[in-house]
Amino acid sequence: MESIYYSLVNIVGEEYVSNQKEELFIYSQDSGMMDPHEPNFVVLPKSTEEVEKIVKLSNIEKIPIVVAGGALSLSGLTIPHQGGIILDLIRMDKVLEVNDNSRYAIIEAGVTTGKLKAYLERNHPELRFSMPDAPPAATVVGNIVIHGQGRLSQQYGFNSDMVTGLEVVLPNGEVCKIGSGSVSPYWFAIAPLPNLAGLFLGWYGTTGIITQLGIKLYPKKKLRDVEVFLVEEPKLVPDVVQRVTFTEMPEDIFIGAQPYPPAYKDLIMIGICITGDTEEELEFKRKLIWDALRPHIDSKEGGFMVMTPEIKQELLEIPSSSTTRFADVLKGGGFEYCGPIIPVEKFPEAYKKLLEISSKYSLTYGSIGRVIGRSHCMMFTFGYPFNRADSKNIEITKRALYDANVASLEIGGVPWKPEVPAQKLIMEKMDKNTLKLMQSMKNFLDPNRIMNPGNWEV
Amino acid sequence: MFFNLKSFIKRMSLKMGQLKFDKQLCFTCSTYDCLVKCQYLDIDREKARPEIMRMIKGEDSFVLHDCTTCYACEEYCTRGNHPFFLITDLQEQLDILPAPKPLTTQWINMTEPTRKDIPQFYGATEPAITLCVFPEHIPAVNESKLFNELSIIIGRYFFCQLVYLHLGKPSITRERLVKVIEHIGNHEFKELVCFHDECYSTFTTYASAYSIDVPFKPVHLFEYLYSKLKHYEDQISPLNIKVAYQRPCSSRLTPKMEHYVDDIFELIGVERVSREYTGQNSLCCASVIRIQQKYDLFKDNQRKNVEDMVKAGAEYCVFNCPMCYSSLSEAVTKKGIQPIMMHELCQIAIGEKKLRK
């Protein structure tokens with residue numbers, strides 16, 4: 001191990017390698033439920049070349065390598081289950097290019113969502129990207145790798161659908177470009193080439209290390225507003241979403257349910273964000289959405305909530321700080337959720353399961369989901385805050401999380417950014433030939449099995 | 001010695017629940033102003049009479065379905081009857097929901113006291129002010145000499161519950177109001193300043209209409225502010241601004257207090273602009289119209305209201321009710337009119353705050 005340490009020092013410099021207890025402790029866990037496991041080294045490379053050398057070293061030494069961005073997945077995806085090297089890419093934080101005309105940005109893998117947002121606001125105020133509601137310390141690449149969603153996902157799909165190009169360090173240490181950037185200086189799209197980006201998205205760093213990302217940017221309208229439609233009956237939610245998405249007016253649709261504060265008890269909130277450059281444009285969109293939901297209003301089964309300007313401001317905040325506040329509602333800094341991607345029509349079943357599981361374990365809950373695409377699917381959350389200082393509470397929450405994963409699969413959904421036990425549940429249900437293909441890909445790309453072992457272990 | 005709850009509830013159960021409504025006053029009415037003057041119903045005297053007669057008999061009427069619950073008919077009736085309370089009671093009896101069920105549920109849950117409200121429950125001493133459920137105004141009360149010496153009671157244990165008249169659930173108002181009065185009664189106040197007009201109207205007109213005893217004297221905020229301003233009259237600098245006043249719906253229950261608006265404006269050197277929608281002809285802030293999901297009416301009502309303020313040359317829009325403020329502040333701001341609460345305007349007049357231009 002000592003020789004590995006010095007080899008790493010040679011690559012990145014002494015200041016950016018650590019095998020000290022305090023650093024190893026920090027990188028041994030996230031805020032979720034997975035058991036901690038310490039790495040042997042924490043390394044902060046500054047360039048693709050350094051990453052390349054570290055990967056080559058890992059192959060020689062057969063030591064695991066786990067890439068971390070913000071390490072905020074909550075599902076232990078950056079916990080080094082088998083030790084090894086944690087590669088924190090946070091120093092690779094340059095916005096390399098913004099193409100105003102073709103509306104994309106090329107960024108390094110350590111660029112956080114907060115940094116890209118601030119950069120665009122300062123230098124390209126007419127452009128935006130699909131910002132997730134993760135804390136702003138989350139990296140854009142981290143969010144892409146887990147098929148994250150953001151404020152523009154209702155319009156344009158998963159954030160990973162917005163990738164225009166990649167630079168990847170393969171498990172053998174070779175560097176390659178994916179997409180138009182592999183044949184042109186312009187990183188405008190993955191198409192029309194074979195879609196090799198799929199070899200790296202959703203694999204949680206088990207097939208390679210993304211060092212640069214091309215990502216689509218979108219027009220940023222001057223004004224935003226939000227309406228919240230309330231229903232009591234979960235069975236109405238799919239129809240509400242159908243009607244609202246049919247208008248093609250919303251920027252974003254989120255669906256929430258929580259027992260506290262009392263104003264939200266027994267209600268399902270469907271938040272509908274709209275944008276416009278003028279008040280008239282906003283009003284046009286707002287009116288279309290009201291008209292689309294008129295049948296539910298006339299039946300008295302649904303209606304638009306009256307909001308104070310403060311509540312509106314909170315709902316329009318990007319990223320939403322209320323999500324983070326809810327995450328620590330029980331104090332003790334623990335929060336975990338199972339966020340399956342489900343067909344929208346399965347919302348009523350998912351909601352029922354959420355209540356059943358919460359009741360079974362006497363847990364408080366919060367559910368905030370997001371429509372992805374024009375009702376193509378949605379992310380639903382079984383969210384459970386817990387007290388990290390309370391071992392009994394942790395154990396109960398773990399069981400609830402497991403039940404939520406089982407329930408998600410039972411209703412026809414797929415757990416999103418699943419922790420290792422949930423990955424196993426998914427693979428048990430997966431088509432056998434698909435599993436075989438996954439295994440072949442991993443064997444082909446990473447024959448030494450050094451890349452984030454423990455995850456997607458077929 | 002604490003307020004005797006058991007005795008209070010026993011007395012209340014014997015008396016409470018029955019609206020003091022004199023049918024004879026309607027039979028002999030020659031104007032039917034309660035409906036004819038309504039700004040939201042298209043109804044003349046000829047059509048009004050049979051509708052009123054239907055409602056008196058407890059029968060359905062289109063009025064019960066189309067009512068925006070703006071309270072104004074209580075004021076339009078010059079004979080002291082309670083047409084609005086009759087309407088809300090009938091809506092509940094006939095299961096007519098003015099707003100969608102989820103919004104009704106939300107409001108019912110929202111004001112149910114929780115354990116979090118308990119810290120606000122004890123310790124207030126006279127003289128006191130109830131801030132209803134608007135904690136955002138605590139700093140103003142704590143920091144201003146207009147309110148010094150007043151201890152605050154606040155939170156859902158003291159919320160007057162009148163809002164359910166907008167939602168066709170007046171029985172909830174009455175059921176909870178008895179408990180609210182009990183909570184206040186526990187403090188044995190002789191007087192209580194009501195920050196929110198709605199609390200004052202509840203403890204006076206509404207409680208009286210249903211024979212609910214109120215063991216303290218409610219004091220309207222404007223009456224209180226006027227007397228304090230008189231006390232600090234030598235410190236007042238005339239503001240020399242033009243304002244519009246947004247009348248809250250509940251003020252329709254206590255029109256006799258309206259003169260304090262002009263009294264205060266005169267004292268602090270504020271010109272109340274001449275408007276079409278003022279006094280009895282005031283327009284509602286439209287918050288409730290939105291809750292009722294009458295979107296076009298909501299937009300039209302706010303547009304007319306704000307355009308009228310602009311046309312009259314108002315620079316500021318003065319509010320008593322925080323809900324009205326919340327509903328209209330964005331709309332008036334977009335038209336270049338500054339929203340401001342009445343107590344803030346008074347603080348500015350005595351030099352505690354600066355005017356926002």
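In what order do the five strands of the open sheet in chain A stand, and is their pairing parallel or antiparallel? In this predicted model, the strand order of the open sheet in chain A is β5-β6-β10-β8-β9, and the pairing is antiparallel. From one strand to the next, the twist averages 10°.

The partner relation at one end of this order can be described in further detail. Strand β8 of chain A, comprising residues 163-169, pairs with β9(A) in the antiparallel sense over five bridges. Within this region, V168(A) is placed opposite C176(A), a residue of β9(A).

A separate feature of the model is the second largest pocket, for which a volume of about 790 Å³ was computed. Its lining consists of 28 residues, and those nearest the centre of the pocket are K299(B), Q302(B), E330(B), A331(B) and K334(B). Elements of both chains supply at least two residues each to this lining: β12 (223-231), α8 (279-292) and α10 (309-316) from chain A, and α14 (287-291), α15 (295-312) and α16 (322-334) from chain B. The largest share is that of α15(B), with seven residues. Classified by residue type, the lining of the second largest pocket contains 14 charged, nine nonpolar and five polar residues.

Definitions and conventions:
Residues are numbered from 1 along each chain as its sequence is written. Chains are lettered from A and ligands numbered from 1 in the order in which they are written. This is a predicted model: local features need pLDDT of at least 70, side-chain atom pairs count only at pLDDT 80 or more; totals for chains, interfaces and linings use all residues. Side-chain values use heavy atoms; hydrogens and water are left out. On a 1 Å grid over the protein atoms alone, a cavity is a set of points where a 1.4 Å probe fits but cannot get out, and a pocket is an open set with protein on both sides within 12 Å along at least five of seven lines; lining residues have an atom within 4 Å of a point. Grid points are joined across faces, edges and corners, and a volume is the space filled by probe spheres set on the points. Helices (H or I, at least four residues) and strands (E, at least two) are DSSP runs, numbered from the N terminus. Ala, Val, Leu, Ile, Met, Phe, Trp, Tyr, Cys and Pro count as nonpolar, Asp, Glu, Lys and Arg as charged, and the others, Gly among them, as polar. Two strands pair if DSSP finds at least two bridges between them. Axes are lines fitted to C-alpha atoms, for helices over the stretch in contact, and angles run from 0 to 180 degrees between N-to-C directions.
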